[in-house]
Amino acid sequence: MAEELKLFRTWSSPYSLRVVHALKIKGLEYETILEDLQNKSAAVLEYNPTYKKVPVLVHNGKPICESLLILEYIDETWKQRPLLPQDPYQKAMARFWAKFGDDKVLPSIWTVFISQGKEQEEAIAPAAGNLKFLEEQLKGKKFFGGETIGYLDLAFGWMANLISILEEIVDLKLVDPEIFPLLSTWMNTFSDDPVIKECWPPRDKMVEKFKAMREPYLQRTA
Amino acid sequence: MGLEEVKVIGSRVSPFAARVMIAFNIKCVEYELIEENILNKSDLLLKSNPVYQKIPVLIHRQLPISESLVILHYIDEVWASGPSILPSDPYDRAVARFWAAYIDDKFFAAQLAILIAEGEEGKKGAAEEAAQILVLLEDAFTECSKGRKFFGGDRIGYLDIALGSFLAWVRVIHKMCGVRLIDECKNPKLFEWAQHFSAHVVVQDVLPETDELMDFAKLFVAKLHKPSG
């Protein structure tokens, strides 16, 4: 039976990008349905009634939600080019750090991005503290996954894409190569990978989008 | 410590630690429980989980693993010859993982909200929010159980453990706050499931008695109300 694979996503969401990259690495064909978050399709509301969010992967009519869970599903369903480590301890570490990324790293970087003045200054240390954990995880490794891109690289992939964009907008170094040399190198190596590079959203559109996202926060404190 | 020794830094009052203990009971694996006073964290905990400084932490082969749902996966993969905790089908696994993450994201916060709610109006609002979550979980039970006793089917599985670990706190919230989270009329399937789960041999000596937990709950809530210090 032909596999039917559909991905509901936005053009820019870091969570959606994870799935795009995973599908590319696995060499899978699929249909993309681009969503407008201001005007969600009936399909997304039906496939993800709990959170009403994208990405949603639909495989032979069955929806899978939450990007990190989608990565695990893809890895368990299509065994070529494994994303997660085979060793249970390494697998546990990958899952742990991926969740840390979503729960702590991303929100703390976002806080620096949307705040100003004293509030922004105070947000820098917690964000740096979180990044320090990631820096340590890269010791002796080219990628978080070892020699090749894996689950954890895809989980942190948003950094390779988004950090320089956010830095440009707020004119602040979020990942200083002097303080985080391994993380900075990883961001470049990851971005330069042909599979990853092919699927990067256009930078100028991203800058425009995130500038617009920051606006309401600037208005609030003005 | 011997290489194969298994230690769990946990506490009888923690639903997250209960998950790990139930999983080991399912696998018939012996472990040493290092009881942690969560109101006064030990150096061992801070060293074993520097990122979150929380229980449970599993120490196996001298390596620490944190985050209860990550630990459940690890236990299932390492002690693969025992009864399975995660479903075998990838889609069923994705569904179970989704709802377990939802429980940690929404249900835990909803329970805390009830415990710390001020006044009747506050408590009512928190209870209503929690009730909506239970409606979704009742539907999830229908989908996952496929007409059988547990989320995992005939046997207790990952999602049973994820939700069931909270049942002692559910009983405390009923006794302390008068809020019935799993209602026989509104959530009939979960109500029945809760009884099966609580009575199961792998759960029985893990979840604390209501009165025992209530003593702790009062201290815990008092600490949440106090300004940090």
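In the predicted model, Cys28(B) is found in the loop between helix H1 (15-27) and strand E2 (32-35) of chain B, where helices (H or I, at least four residues) and strands (E, at least two) are DSSP runs numbered from the N terminus. Phi of Cys28(B) is near 55 degrees, a positive value in a residue other than glycine. Most residues other than glycine have a negative phi, and most peptide bonds are trans. A cis peptide bond leads from Ile55(B) to Pro56(B), with omega near 0 degrees, and Pro56(B) belongs to the loop between helix H2 (43-48) and strand E3 (57-60) of chain B. In chain A, Val54(A) and Pro55(A) are likewise joined by a cis peptide bond, with omega about 5 degrees, and Pro55(A) sits in the loop between helix H2 (42-47) and strand E3 (56-59) of that chain.

Because the model is predicted, local features need pLDDT of at least 70 and side-chain atom pairs count only at pLDDT 80 or more, whereas totals for chains, interfaces and linings use all residues. Residues are numbered from 1 along each chain as its sequence is written, chains are lettered from A and ligands numbered from 1 in the order in which they are written, and side-chain values use heavy atoms, with hydrogens and water left out.

The contact between the chains (heavy atoms within 4.5 Å) takes 25 residues from chain B and 26 residues from chain A. Chain B and chain A bury about 2200 Å² between them, 71% of it on carbon and sulfur atoms, buried area being the accessible area (1.4 Å probe) that two parts lose on being put together, summed over both. Of the area that chain B buries against chain A, 28% is supplied by Tyr52(B), Tyr91(B) and Phe98(B), more than by any other three residues.

On the side of chain B that touches chain A, strand E4 (63-66), helix H3 (68-78) and helix H4 (90-116) of chain B each give two or more residues, and the largest share, ten residues, comes from H4(B).

The second largest pocket is lined by 24 residues, of which Pro87(B), Asp92(B), Phe151(B), Gly152(B) and Gly153(B) lie nearest its centre. A pocket is defined on a 1 Å grid over the protein atoms alone, as an open set of points where a 1.4 Å probe fits, with protein on both sides within 12 Å along at least five of seven lines, and lining residues have an atom within 4 Å of a point. H4, helix H5 (119-145) and helix H6 (158-164) of chain B each supply at least two residues of this lining, with the largest share, four residues, coming from H4(B).
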